[in-house]
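Hi there,

Here is the structure I promised to pass on to you.

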Amino acid sequence: MSMKSKWDLRGPNKPKITVILNHFKRKTLCAQLDSLLDQTLPFHHVWVLSFGSPNEQSLKKIVDRYNDSRISFISSRYDFKYYGRFQLALQTEADLVYILDDDMIPGKKMLQILAHVAGTDKYKNSVLGSIGRILPFRQKDSSFPSYRKFRSKEAGLYLPDPAYNITVDKIVQVDFLSSSWFMSAELVKTLFIETPFTFMTGEDLHLSYQLQKYRNTGSFVLPVDPNDKETWGDSEHRLAYVSETTVIFKDVVQVRDDQWWRALSTGYITQWAAMYPEKIDALFYAHSINEVKALAPLLEKFRSTVGKKAYIIISGGNFCPCEDAATALKWPKAVCKERRFKIMDIGVGALLGTSNSEVPVVQAVYASMKGLIKIHNPSLVITVADADSNVKKALNMATEANTNSSTLVLLPRSSVPKVLWMADLRSTALPNWNRMRISVNIITQNRVNSLARLLKSLSDAHYIGDEVYITFNMDSKVDEATLKLVNSFNWPHGPKIIRRRIIQGGLIRAVSESWYPSSDDDFGLLLEDDIEVSPYFYLWIKYALLTYHYDPEILLPELSAISLYTPRLVEVVKERPKWNATDFFKHIHPNTPYLHQLPCSWGAVFFPKQWREFYVYMNMRFTKDAKQNPVQIPRSRTNGWQASWKKFLIDMMYLRGYVTLYPNFPNQTSFSTNHMEPGAHIAAKENVIKHNKVDFEVPLLKEDFRNFWPNGKMPAASKLPSLNLFNQPISLKGLKAAGAKLGQDILRYNPTEVVVVNHETGLPSNCARF
């Protein structure tokens, strides 16, 4: 009572309260009316209801005998059951409504206490009462027991319950109230937003469920003073507190069990769910049977992967009946009746009915999914990309409402079988699924046929519903055919950007200035137009980024790029000997990916932080005469390269110990290939090196690459072998040591230090021990 309330119980701002008494057979009406007339806060009206009661006439005589204009008798031969009193409450003009079972005789201070609490900011939108129920907790076998299970601590409990010496000495939130409900009249209508599970019973749970789901309000039991009966919700016989007098019929218990499980499985955050929130990997949503079938392979992969946990939510009703969904998933139909989390039917039809409006769909899906996401805290919420727009809107709102950061993933149906590796990602990486933005940056000028081949291969690739920017970077001497091709090219996966130089820049500028990161989640794929890519190139990039860069528990700061290409030569040695990664790593695993100090110029994704760093480095070190470059890597053919952007990137990576991740499949099959066609570098007059296409043109990967890897998934970062610039095995620390020993970086440092860079600007800041 010390809380500030908007109701001035002793002044002019007193609330109007309508009290509704529902009577059938019990002979407690006189005791109730006497108690109400003796309240310290007077009521506005009392409505005595008699629906289908055999005692209708005697009840009416009692009301007439009181001869109080504030007390009305309302009867019907038809029994409106438990919901009838709430339907009638919709008609009140009072501020507050107090609905009482016929076994509740409130103490004389009850209206005063309830009204005061209902006027506080904290509880103004809540439903208040004297007796509440905590619903069952999950058992060790992951199922939920009946709420009537005898002598089971998981079966829930009454609050308070004198039979078990359970008392309440402060305001306590419960899952639903029993026997009495006190609330703002405005809240009553919430009970009827959804069609109840049944009108025969369960109005108590349905009210609390609907209020939480659509009003974000709770149900609370008020404390009592054990020494002052005037504060009790039931001051006399206390029938409502004795568990043996509650429902005992087996069929009714089953109905109520089905009802509370339906509430929990459609987003009702019970006290158990609030106290023990889950953390699962994925929550799938399917609005139709076809969507269930489309998502089934990925759901099954999650559920069969050790350490992963995933459930599926279906719309239910006519949209997606649970038993049909179970059949589509090859699960027994009985799974729809089990009280355990696996498949959850949110019953969209209970709200939609025969409406043709999109509003009920958004409201029903959002309201249920918001609660389910809060209960289960999935890293990912997954549905099909072509789901109904209203469903997607509701799912997006529900995921954004979760403070624990769930990520909505919209997968094209054709992409589902291609992302089964999602379940192999560590749980800590999953929330970052949508975080990166990978852009395709094409460098082109006058090789229209080459460009057309590259664009076809890009169009045929799998982008799994991601937005991917594509940028064309054209030098000033671009020909007409190339311009027409670029202008007419349709790119459905994201924005298309076209850039053209006014003054010819040459290859070094064309490549190095083709992309600059806009954020730390912006990754640039650089492709010259004589490159061709595999349909699986994007999947390789995304899988690698999520495994080695976006897992907060994986520390691999040396990784600066991901190559699509597997080289067949040791590029930096004068003799350029042939090299086969599959043979080289066969003692580890013939197809293990590996880390290499060499950057790739024939299809690679560059990381934003290191690319900024490279910009600054090349700006500070660029010389037209290669002999004037202060960095001379021992025994490296790159020391004599003229006007090569790659030469400067090699120098920086050597000095600072950075590496590129390379794929490794049989016969150097790769995610990109270089067709070695004449251009600014190959066949240029100043290039005296002969290039044999056989040494550079590699097969493109046309199948699921996971089958080649150890255990069918990308190896742990700690298992990746690493090579230096000359294809010799070395540790990552050894790479740093070699760069430090050379001592030719921008800043002066000791042999045990490397340059540390401000990754926001790319500028070197200091030196630090490695």
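Predicted model: local features only at pLDDT ≥ 70, side-chain atom pairs only at ≥ 80, totals over all residues.

Residues are numbered from 1 along each chain as its sequence is written, and side-chain values use heavy atoms, leaving out hydrogens and water.

The protein chain contains 21 helices and 29 strands; these are DSSP runs (helices H or I, at least four residues; strands E, at least two), numbered from the N terminus. Its radius of gyration is 36 Å, well over the 27 Å that the globule rule gives for 770 residues, so the chain is more spread out than a compact globule. That radius is taken over C-alpha atoms, and the rule is 2.2 Å times the number of residues to the power 0.38. Along the principal axes, the C-alpha atoms fill a box of roughly 115 × 55 × 55 Å.

Now to the inside. Of the 770 residues, 58% count as buried, meaning under 20% relative accessible area (1.4 Å probe, protein chains only). The largest nonpolar core has 142 residues, and I382, M422, L458 and F537 have the most contacts inside it. Such a core is a set of buried Ala, Val, Leu, Ile, Met, Phe, Trp, Tyr and Cys residues joined through side-chain atoms within 4.5 Å. Helix 16 (residues 537-548) gives the most to this core, with 10 residues. A second, separate core of 64 residues includes M369, L372, V391 and A394.

Enjoy exploring!

Terms used
Buried < 20%, exposed > 50% of the residue type's maximum accessible area, 1.4 Å probe, protein only.
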